[in-house]
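Here is a short briefing to read alongside the model. It covers salt bridges, aromatic rings and a helix contact, so keep your viewer open.

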Amino acid sequence: EGCPGVFDFGRWPTGDAGAEPIAAAFRSAGFDALARPDIDQWKRGKLVSNLPGALQAAGVPHDAAQAEALIAEGARVLEAAGLPFISGQALEARAASVRHAPIDGARRPGGSLWQSRRRGLPTEAAWLNGYVVRLGARVGVPTPLNQAAVEALSPAAGASPLPASPRR
């Protein structure tokens, strides 16, 4: 319903003029699209907001407080590393134009990590949550929650095998 999707474009680590024509093309197709000079901060904000997806994909019963704890752990790591990121509230506001509508009367059953797992495909948890774990180790911030999420979705735990390299 409404806007079919939100896309923010930029060249890492800082945006460039080449992103605007791409954003304009998406806008002409009905999407909410912006060229951003600070795309790295938006990507990091999206990363942090996606961390709880591993809980859902692993089938771990959890509540909002547990999801928030996973997000807070990721935020502490990025802050300790001196890597700014956009807040979850800003991301929600940015995506407010997108509405999920039922398909054939059914609501969306889960996020992208859950959908990958349901299809028997690898999830991105090793790169999303795993990035937080690896960065946390480098900056001296413990990451037990994200580590547990990675382990819950590892092939040893019966999860789908991971691809050889992350998708970009």
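Arg-94 and Asp-32 join their side chains in a salt bridge, with N to O at 2.7 Å; a salt bridge here is a side-chain nitrogen of Lys or Arg within 4 Å of a carboxyl oxygen of Asp or Glu. The pair links distant parts of the chain, 62 residues apart: Arg-94 sits in helix H5 (residues 88-94) and Asp-32 in strand S2 (residues 32-35). Helices (H or I, at least four residues) and strands (E, at least two) are DSSP runs, numbered from the N terminus.

This is a predicted model, in which local features need pLDDT of at least 70 and side-chain atom pairs count only at pLDDT 80 or more, while totals for chains, interfaces and linings use all residues. Residues are numbered from 1 along each chain as its sequence is written, and side-chain values use heavy atoms, with hydrogens and water left out.

**Salt bridges**

- The count comes to 5 salt bridges.
- Arg-94 is buried at 12% relative accessible area, whereas Asp-32 is partly exposed at 24%; buried means under 20% relative accessible area, exposed over 50%, and partly exposed in between (1.4 Å probe, protein chains only).
- Both of these residues belong to a salt-bridge network that links Asp-8, Asp-32, Arg-36 and Arg-94.
- Asp-40 forms a salt bridge with Arg-44, and their closest N and O atoms are 3.3 Å apart.
- Asp-40 and Arg-44 are about one helical turn from each other, because they are 4 residues apart in helix H2 (residues 39-50).
- Asp-40 is buried at 15% relative accessible area, and Arg-44 is buried at 13%.
- Arg-27 and Glu-20 also meet through their side chains in a salt bridge, at 2.3 Å from N to O.
- Arg-27 is partly exposed at 35% relative accessibility, and Glu-20 is partly exposed at 34%.

**Aromatic rings**

- The whole structure holds 5 aromatic pairs; rings of Phe, Tyr and Trp (its six-membered ring) pair if their centres lie within 6.5 Å, and planes under 30 degrees apart count as stacked, over 60 as edge-to-face and the rest as tilted.
- Phe-7 and Phe-9 are stacked, because their ring centres are 6.1 Å apart and their planes are at 20 degrees.
- Phe-9 and Phe-26 make a tilted pair, with 5.1 Å centre to centre and 50 degrees between the planes.
- Phe-9 is in strand S1 (residues 6-9) and Phe-26 in helix H1 (residues 19-28), so this pair ties together parts 17 residues apart in sequence.
- Phe-9 is buried at 17% relative accessible area, while Phe-7 is partly exposed at 32% and Phe-26 is partly exposed at 28%.
- Phe-7, Phe-9, Phe-26 and Phe-31 form one aromatic cluster.

**Where H4 meets H8**

- The axes of helix H4 (residues 64-80) and helix H8 (residues 144-152) come within 8 Å and cross at roughly 115 degrees; axes are lines fitted to C-alpha atoms, for helices over the stretch in contact, and angles run from 0 to 180 degrees between N-to-C directions.
- H4 is therefore roughly perpendicular to H8, a label for angles of 65 to 115 degrees, with under 35 counting as roughly parallel, over 145 as roughly antiparallel and the rest as oblique.
- Ala-69, Leu-70, Glu-73 and Gly-74 in H4 meet Pro-144, Leu-145 and Asn-146 in H8, where contact means heavy atoms within 4.5 Å.
- Asn-146 is buried, with a relative accessible area of 0%.
- Beyond its neighbours within four places in sequence, Asn-146 has contacts including Leu-51, Asn-129, Val-132 and Val-133.
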